[in-house]
Amino acid sequence: MDEFQKYDNTALFFVGNEVLTTAEVSNAAPYVKAAVRDMKAYRDSKEYREIPIGYSAADVPGLRPMLQNYLACGDDDVERAEFYALNVYEWCGDSSYEGSGYSELQKNATGYNIPIFVSETGCRVARPRLFSDQAAILGPDMMNTWSGTIVYEWIQEENDYGLISYGPKVDPKVSTAALDGFPRSGTPMTVSPDYENLKSQWATLSPTGVKLSDYSPSASISLPACPTSTSGGWIVNGNAALPSVGETLDSAAMASVAMPTSTGSASQPSASLTGGGTVAGGKEITGMCLGLLGVMLGVVTWL
């Protein structure tokens, strides 16, 4: 934060990426929310620009919509995330808004009280990648709720998601400029046909936004209810106190976090994805951070 806050094009900070991958490990959610609280406190204590702080989540049906509601709920504004992002790989090949499950994502996000966007997309289970989900995210189906998307990813690496390449893979023992065997300097070459397919999709879209000066909060948007612990699913009592710096999850703390209460209403996960909801396998996330956002914004400019 100390380094990136210096740049006026730093748009946000993620406290984590895909920390929770199943409902069974949802007891880690209080630590994610505590990290949001602590990073906000540090930012404000240093009098830095109010760069939003939030979380990038794996799209896990067993965590929907409880995790996104948990990070945005509660009376204490200091503890609430300032945005929520989702890594979505369910729209594969020539799928559809309904068949991919994107319609469920939109239903869960409608009326959400903080900005929400897609922090990763670009399923490669079906090749070539068509990127037809861009018309949903940046079109009338979702653009009035979702604040855009980041396509994964810019440079070609071992996981084969790249849109451009700086040349063929080389022996990293020979070239010190390519520690993992993939060069990152020179003249970029497009990865065909993925690059052209994404460019063609974006050429047909004209998403609109709202200027800050024209924005007025809607009375219909309110804080979501904090989800409560449910048997066999989400195991966190959303009203439990967050851990402090250095605190470990002992048995007493676990009982407080996971004990169901009679107050509030339990949120239920949405139906499982159907008809195209295949999660892309073999995706490698290394150092997911704001740098990815900056690179993808560069893609828009370069295209």
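Student: What makes Cys73 and Cys226 a disulfide?

Tutor: Look at the sulfurs. A disulfide needs two cysteine sulfur atoms within 2.5 Å, and in this predicted model the S to S distance for Cys73 and Cys226 is 2.0 Å. That value is inside the cut-off, so the pair counts as a disulfide.

Student: Why is the disulfide of Cys73 and Cys226 called right-handed?

Tutor: Check the torsion about the S-S bond: it is about 105°, so the disulfide is right-handed.

Student: And what does the pair tie together?

Tutor: Cys73 sits in the loop between helix 2 (66–72) and strand 3 (84–87), while Cys226 sits in the loop between helix 5 (194–203) and helix 6 (251–258), so the bond links parts that are 153 residues apart in sequence.

Student: How many disulfides are there by this rule?

Tutor: The count is 2. Cys92 is joined to Cys123, with S to S at 2.0 Å. The torsion about that S-S bond is about 95°, so this disulfide is right-handed.

Student: Where do Cys92 and Cys123 lie?

Tutor: Cys92 is in the loop between strand 3 and helix 3 (102–109), and Cys123 is in the loop between strand 4 (116–121) and helix 4 (134–137), so the pair ties together parts 31 residues apart in sequence.

Student: Is Cys92 buried or exposed, and how do you know?

Tutor: Buried means under 20% relative accessible area. Cys92 comes out at 12%, so it counts as buried.

Student: What pattern do the disulfides follow?

Tutor: Count the bonded cysteines along the chain and you get 1-4, 2-3.

Student: What do strand 1, helix 1 and strand 2 make?

Tutor: With helix 1 at residues 29–45, they make a right-handed β-α-β unit.

Student: What is the order of the strands in the open sheet?

Tutor: The 5 strands go 1-2-3-4-5, with parallel pairing.

Student: What makes strand 1 and strand 5 edge strands?

Tutor: Strand 1 and strand 5 (146–151) each pair on one side only.

Conventions:
Residues numbered from 1 in each chain as written. Predicted model: local features only at pLDDT ≥ 70, side-chain atom pairs only at ≥ 80, totals over all residues. Heavy atoms only, no water. Helix = DSSP H or I, 4+ residues; strand = E, 2+ residues; numbered from the N terminus. Buried < 20%, exposed > 50% of the residue type's maximum accessible area, 1.4 Å probe, protein only. Right-handed = clockwise from strand over helix to strand, strands pointing away. Pairing = 2+ DSSP bridges.
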